[in-house]
Amino acid sequence: MAGRYDSNPFDEEEEDNPFADQGSRGRGQSNYGGGAFYMINPGIVPAANSRLSPLPPEPAGYDRGATVDIPLDSSNDLKNRERELQAKQAELKKREQELKRREDAIARSGVVIEEKNWPPFFPIIHHDIGNEIPIHLQKLQYVAFTSFLGLIVCLLWNVVAVTLAWIKGEGPTIWFLAIIYFISGVPGAYVFWYRPLYRAMRTDSALKFTWFFLSYVFHIGFCVFAAVAPPIIFKGKSLTGILPAIDVLSGNALVGIFYLVGFGFFSIESLISIWVIQQVYMYFRGSGKAAEMKREAARSTMMAAL
């Protein structure tokens, strides 16, 4: 009996306790959550061997029952920002409407804003055949553009050949004339006949077609005159035609060859230009623009008489 009383009264309870640790736990301890609690204490008291880190101490003056003040100004700031965004959106919409109104007014007036995009390395003119010229006219426009580029090549080669002739003793006057031909011929060709043809193809304007015909006739005349280069102005040596080429060839073979090459350039340019004006005129007649021009001329004459 004494041995019975000397034993721990909780041994039997431990054996029947399914929550008891099967390893090296202490008596009357629980294994839940990694922490041990005394089962005999009605209060929950953390054991000394708990593996949970203790909570940090509360700051001085902290009151658990105190309420946290949430500033109400944040909601007001959100409303103010929302009003600002709405005002900016309204301003942008107003500007967009104003810009659209101006673009519509420009379109009605016939003014086209052209962005300079050619040549690509140094844009000085607007040129976009693929997107602005009708498909059935693009081939003709490309050939006309080739004619414009051909004129640039002819005048540039003319400067080179005349410069060589000047070096060989022909005098500086013909060189100055060659420079004048180049600096006046290239922009003049673009302004007087290529740009009118480009806009005529794009807008199908009979007036622009008429202006092109008048200007292009002078262009063809100049090319034919340069290919022959009669000895009218300084014996014709300011232009690389066939006559000065024969004259120079007898004195200096190298200069004569340069003049012959220039003659070939002007001859090819003349042939291409004649083909272009024929095709444009056929389109002009076939599309009824000639009859439209006659009606417009008759209407203008009647209005002037009245």
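In the predicted model, Val191, Phe192, Trp211 and Leu214 form a nonpolar patch on the surface, with about 400 Å² of accessible area together. Such patches consist of residues with over 30% relative accessible area and no salt bridge, with like charges joined within 9 Å and nonpolar side chains (Val, Leu, Ile, Met, Phe, Trp, Tyr) within 5 Å. A salt bridge here requires a side-chain nitrogen of Lys or Arg within 4 Å of a carboxyl oxygen of Asp or Glu. Helices H6 and H7 each supply at least two residues of the patch. Trp211 is found in helix H7 and is partly exposed, with a relative accessible area of 44%; the classes are buried (under 20% relative accessible area), exposed (over 50%) and partly exposed (in between), with a 1.4 Å probe and protein chains only.

Residues are numbered from 1 along each chain as its sequence is written. Because the model is predicted, local features need pLDDT of at least 70 and side-chain atom pairs count only at pLDDT 80 or more, whereas totals for chains, interfaces and linings use all residues; side-chain values use heavy atoms, with hydrogens and water left out.

The secondary structure of the protein chain comprises 10 helices and zero strands, where helices (H or I, at least four residues) and strands (E, at least two) are DSSP runs numbered from the N terminus. Along the sequence, the pattern is α-α-α-α-α-α-α-α-α-α. Of the 306 residues in the protein chain, 27% are buried. The chain exposes about 21500 Å², of which carbon and sulfur atoms supply 63%. Among contacts (heavy atoms within 4.5 Å) between residues at least 6 apart in sequence, 53% join residues at least 24 apart.

The largest nonpolar core has 38 residues, and those with the most contacts inside it are Tyr194, Met201, Phe209, Phe212 and Val280. Elements giving two or more residues to this core are H5, H6, H7 and helix H9 (253-286), and H6 gives the most, with 11 residues. A second, separate core of 11 residues includes Ala161, Leu164, Ala178 and Val248. A nonpolar core is defined as a set of buried Ala, Val, Leu, Ile, Met, Phe, Trp, Tyr and Cys residues joined through side-chain atoms within 4.5 Å. Leaving aside residues up to four places away in sequence, Phe212 touches Trp193, Pro196, Leu197, Val276 and Val280.

Two residues in the loop between H7 and helix H8 (242-251) were examined, one of them Ala229 and the other Ser238. Ala229 is buried, with a relative accessible area of 1%, and its phi is near 55°, a positive value in a residue other than glycine. Ser238 also counts as buried, at 2% relative accessibility. Beyond residues up to four places away in sequence, Ser238 touches Asn158, Val162, Ile174, Leu177, Ala178, Tyr181 and Ile233.

A positive phi of about 60° occurs at Asp204, which is not a glycine. Asp204 lies in the loop between helix H6 (173-203) and helix H7 (206-228) and is partly exposed, with a relative accessible area of 33%. A cis peptide bond, with omega of about -5°, joins Trp118 and Pro119. Pro119 is located in the loop between helix H3 (73-109) and helix H4 (129-132). Most residues other than glycine have a negative phi, and most peptide bonds are trans.

The unreviewed UniProt entry lists a "transmembrane region" at residues 142-167, 173-193, 213-233 and 253-277; UniProt positions follow the numbering used here, feature names are shortened, and annotations may be inferred rather than shown by experiment. Residues 142-167 are 100% helix and 0% strand, with end C-alpha atoms 38 Å apart. For residues 173-193, the end C-alpha atoms lie 29 Å apart, and the span is 100% helix and 0% strand. Ile167 is placed in helix H5 (residues 135-170) and is exposed, with a relative accessible area of 62%. The C-alpha atoms of Ile167 and Val255 are 9.8 Å apart in space, with the two residues 88 apart in sequence. The unreviewed entry in UniProt also gives residues 75-105 as a "coiled-coil region". This span is 100% helix and 0% strand, and its end C-alpha atoms lie 45 Å apart.

How values were computed: Accessible areas come from the Shrake-Rupley method with a 1.4 Å probe; for residues, only the protein chains shown count as cover.
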